[in-house]
Structures are given as structure tokens and as C-alpha cells.
Amino acid sequence: MIPRVHKRGTRTIGLLYYLYGPGTHEEHIDPHLVAAWDSLAPDPGRDPEATYADLQQLLDLPLAGVAEGRRPAKHVWHLSVRAAPEDPVLSDEQWGEIARRMAAATGIAPADGAPGCRWAAVRHAEDHIHIIATLVREDGRKPRLHNDAGRAQAEARLIEAEYGLKQLNAGDGTAAQRPTSAERHKADREQRERTPREELRETVRRAVAGAVGEEEFFGRLAAAGLLVRRRTAPSGDLLGYTVALPDDRNTDGEPIFYSGSKLAPDLSLPRIRERWSTPDTPGRDNGTTPVQLAAPPATGPAAARRRATTAAWQAMLVIDHGDDGDIAAQIAAAGEILDALAKTSAAHTREELRDAAFVFERASRSHIRAVRGHDRALRQAARDLVHGGPPLGRGEDGATTAMLIDMAFFLVTAAANWHGKKQHAQQAEAARQAAEHLRAAYRAAASQPMAVLHHRGRMLPLPLQRRHTLLVRQALPELAEQILTEAGWPALAATLADAEAAGHDPALLLTDAVARRELDSASSVSDVLVWRLRRAADLPADASTQPLPGTAATPASSRSRTSRPAENRGDRRRGR
């Protein structure tokens with residue numbers, strides 16, 4: 001159940017005309033009262049003798065007893081209460097009881113018998129009601145409406161439990177503003193997939209991913225085709241910005257601009273500048289002390305994806321063991337990785353990656369303030385992804401995409417677990433939804449490179465296959481039976497053979513990969529270990545051009561055998 005307090009108004013009759021009218025798209029059906037401050041209140045919807053003016057005059061009657069200068073400038077209060085799509089259709093009696101509870105909970109009509117406001121609840125659809133009230137009590141005083149939106153949300157959670165409705169997660173005030181009904185109807189009318197507010201939020205988030213300063217940020221906005229206005233002080237200092245879609249216009253034909261803070265709390269210019277400051281040298285309001293991210297190396301998408309995979313791995317270790325402020329920064333920067341990945345995705349993964357980034361946006365903020373600067377590695381990785389561009393083909397570009405998506409799945413899952421421990425219900429649910437989109441994207445990205453590895457595993461000489469089967473049983477006794485019966489086992493066997501041919505000890509690689517991170521959320525342990533081993537051993541993600549280990553075509557290894565890859569040894573020295 002979703003209650004929403006709307007902007008206050010000045011004309012009771014105007015809102016009544018809308019509530020009882022046909023609606024913008026003739027969507028209002030049988031408008032009528034389900035409850036009111038007085039059971040004898042006139043109902044223009046069901047009583048042919050009653051008029052809108054009758055109801056308006058009775059609702060506004062308390063205003064007459066208030067001196068002109070003491071009347072509230074905006075006296076019309078409006079609350080809509082909508083059921084979830086999965087909920088059953090409620091009766092008028094049930095909606096009437098819900099309306100009375102909402103009026104009491106918000107302070108419009110206190111349940112303790114104290115003087116309240118006049119109000120009425122109108123139903124013009126199966127799934128929601130509207131409550132209109134006049135913000136002057138019967139005794140001429142103003143109602144106490146502090147945190148009326150929060151109290152409506154709390155009451156909704158109780159109603160859901162008592163009525164057996166879908167249990168929604170409580171908000172914490174850090175969510176982005178939802179599109180209004182008018183915005184949604186306009187998007188439907190113009191056949192837009194998302195409202196302009198949502199499109200702009202997505203585009204601005206992609207523009208800020210890995211950006212290092214204002215000029216680059218605004219340049220990306222312009223390159224994305226947005227109309228951009230900068231707000232400056234008389235001194236010339238930049239204070240903020242607004243953006244608009246070129247084809248989203250009002251009735252006068254003018255573009256409709258949104259400020260960054262109206263798109264999301266962390267997209268205001270001051271909050272964006274925080275991404276460009278370090279904890280030791282905090283950025284000033286004019287953003288003149290940015291974090292110095294390195295210029296992206298002159299390499300392609302595959303190298304950028306490998307670096308991003310390593311950065312995501314290190315971020316997971318921080319989420320496991322870091323301080324809350326550092327963890328919040330890593331999770332926020334994980335959103336930039338997803339935005340950059342969606343921006344540079346190939347066609348067969350684009351939709352799922354875009355949806356993953358879209359829903360994870362809610363998980364990137366909480367009341368725990370991110371300590372910026374500690375997220376530099378992830379932000380650098382996002383920058384590298386943007387400059388590396390989209391994959392040029394399936395090959396190494398496509399295989400490293402699968403590797404990165406696999407790691408991003410575990411990064412997002414770690415974020416969901418942390419939010420869950422902190423009782424951040426909405427953020428935890430958003431991260432879990434993002435993980436499911438990433439799981440679907442991984443299946444699309446991994447099908448070709450895993451098929452190559454699967455074939456290589458089947459082609460390994462039988463003695464080598466048996467040796468690696470025994471190795472798994474000895475190194476991972478608790479997981480061995482599961483791994484050996486998974487469809488991905490041949491691909492893992494091929495990876496173990498490749499690692500051994502490259503000079504690594506496959507047993508130590510296996511035990512290290514399992515010990516360093518949980519595998520419970522993996523749908524295929526074999527797949528996860530394939531990518532962890534190929535990353536740690538610096539093996540090509542695409543094995544299609546590699547010689548088959550254990551055959552005459554395999555060249556002698558030019559690398560000495562090591563007990564552990566250099567990258568992992570470095571992690572150990574850093575205490576990770």
C-alpha cells in the first residue's frame with residue numbers, strides 16, 4: 001500500500017472537480033465517497049441532488065471562522081492511497097476504514113477525540129482512494145501535521161499486515177522523487193518507456209560515472225543530447241544546474257527542466273562534487289580540489305573490464321570488513337560501475353544491464369554518508385569502462401564482459417547483505433533486484449566463452465581430466481560433488497589445466513578462490529570459480545585461440561611455477 005502526500009493547494013473546488021471528473025484519460029470510474037468527517041456529507045457522485053459546491057462549502061466552512069490574515073496560504077491537503085498491483089480488490093467499507101485510519105494517523109482527524117479537520121475520501125478506481133482535507137480544525141486552529149508523510153507510511157505498514165496485503169518496505173527519505181501521476185500519464189500518451197524524469201535521472205547518472213570534474217560532466221550531458229542550464233551566483237560561481245529532454249515540453253512549447261536534486265538526492269551539484277573530493281583534502285563548494293583519477297590507458301574494452309573486475313573484487317573485501325562510511329562509498333561507486341557497464345554494453349546484454357543499473361540506483365544511497373575518496377579504485381574503473389567503449393566482438397571483449405558481470409553480481413549481492421544488516425529494507429530489495437538482472441545478463445554474456453571452455457574441458461586428455469577431478473576432491477572436499485556434477489565442470493577443468501600450464505598451482509588457486517569469498521549465492525559454483533581463477537592467474541578470458549593443455553601443441557611454459565599469483569600475494573600483504 002502506497003500513501004502519498006501531494007503538494008498543498010488553494011482551491012478545494014478544483015481538486016473536487018478532478019476527483020469526481022472523468023480523469024485525464026477517462027480513467028475515473030464511478031467516483032463516490034467512501035468516508036468523510038461526517039457520515040451525512042453530500043456525495044456528488046452518488047446523490048443527484050448534491051453538487052461539488054455543496055461539498056466544497058462544507059469542507060471549507062472552518063475557514064470562515066479564521067481571520068483573513070491568519071488563514072493558511074494553502075489550505076487544501078491531499079493524500080492518495082494506492083494498493084499494490086498484487087493486492088485483492090478492496091470493498092468500499094474497507095477503503096473507508098483505511099481512509100479513517102490515515103486521517104487519524106496523519107493528524108487530520110485525531111482518534112483521541114481532539115478537534116480535527118474536515119475531510120472526505122473519494123474512490124474513483126478499484127485500487128486507490130484520494131483524501132482531501134481543509135487545513136483548519138473545527139476549533140479554528142491549525143492541525144499538527146509534522147511528518148504526515150512518514151506517519152502515513154507507518155500506518156500503511158500496519159494496514160498491510162492486518163489486511164493481508166503485500167508488505168512493502170519502509171522508506172527512509174533517501175529515495176529519488178517518484179514521477180507524478182501527470183508525468184506518468186504524459187509518458188503513456190507519448191508512448192515513452194519511462195517518464196522524462198526517469199530518463200533524465202538515468203542519463204545524468206551515466207554522465208557522472210567516472211567523471212573527474214564539472215567540465216567533463218557537463219560535456220557528457222551535452223553529448224548525450226540534453227538541454228543544460230547552469231545556475232550561477234552574481235560572483236560567477238556555479239551553484240547548480242538543470243536539464244531537460246529536447247522533446248519534453250509544456251503547453252507553451254517550452255522545455256521542462258529538472259534540477260539535479262529533483263532527479264535524485266545525490267545528483268545535486270554539491271553532492272556530485274563530493275565524488276571529486278578526497279577525505280584528506282575536502283572539495284570546496286566550487287569543486288576546485290578534485291580527486292585526480294588517472295587518464296584511462298590506451299587499451300580496449302577487454303583491459304578496462306579486467307581492471308574493473310579487480311576493483312570490484314577489492315570493493316567486496318571492503319564491504320566485508322570496512323567501516324560504514326567506507327562501505328557506503330564503495331556501494332555508491334558500484335552504482336557508477338553499473339551505469340558505465342550499461343552505457344558500454346553490447347546489444348545482447350544491454351536491456352538487463354540497463355535495468356540492473358536502474359534499480360540499483362535506490363541501493364546506492366542511505367542515511368549512512370559515504371566517505372568519498374576511498375572509492376577511487378571503483379570510480380577509476382568506471383572511467384576506464386566509459387573510455388574503453390563497448391565490446392568490439394565476442395572474443396576477449398565478450399569474455400571479459402562475462403567475467404565483470406559475474407563479479408558485479410557478487411558485489412551487488414554483498415551490498416544487499418550489508419543493507420539488510422543495517423535494516424535498509426528498500427535498498428536491500430533494490431540490490432537483490434539488480435542482482436537478478438545481472439544474473440540474466442551474465443547468462444547472455446557467458447554463453448559463448450563458457451561453450452568454448454566447456455569444449456576444451458571435454459577435449460582434455462583423460463589422464464589430465466582424472467587428475468583435476470582428484471584435485472578438486474582433495475582441495476574442496478565439501479564442494480567437490482556439487483562442482484563435479486555441474487554443467488560447468490568441464491569449463492573449470494579446462495581453466496585448471498590452463499592455470500597449471502601457465503605455471504600456477506591449481507590446488508592453491510582453488511582453495512584461495514573459495515576461502516576469499518562466499519559461494520552460497522552462486523547459481524553455478526563452477527562458473528564462478530572459472531572467472532575467479534582466470535582473473536587471479538591472469539589467463540585470457542577467451543580461450544578459443546589458446547593451445548589445449550596436455551597436448552603436443554602446448555608450448556613449454558615460460559613462467560616459473562608459483563604457489564600463488566602475484567596479485568593475490570599482494571592482497572595478502574595489504575591485509576586483505
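Begin by selecting strand β1 (residues 2-5) together with β3, which run antiparallel and are joined by four bridges; strands here are DSSP runs (E, at least two residues), and helices are DSSP runs too (H or I, at least four), numbered from the N terminus. Two strands count as paired if DSSP finds at least two bridges between them. This is a predicted model, in which local features need pLDDT of at least 70 and side-chain atom pairs count only at pLDDT 80 or more, while totals for chains, interfaces and linings use all residues. Residues are numbered from 1 along each chain as its sequence is written, and side-chain values use heavy atoms, with hydrogens and water left out.

Within this pair, pick Ile 2, whose bridge partner in β3 is Arg 82. Staying on β3 (residues 76-82), you will find that six of its seven residues are buried, meaning under 20% relative accessible area with a 1.4 Å probe and protein chains only (exposed is over 50%, partly exposed in between).

Next, select the open sheet of three strands, whose order is β6-β7-β8 with antiparallel pairing. Because β6 (227-232) and β8 (258-259) stand at the edges and each has a single partner strand, one side of each is left without a neighbour in the sheet. Between β6 and strand β7 (residues 238-244) there are six bridges, and Leu 227 stands opposite Ala 244 in β7.
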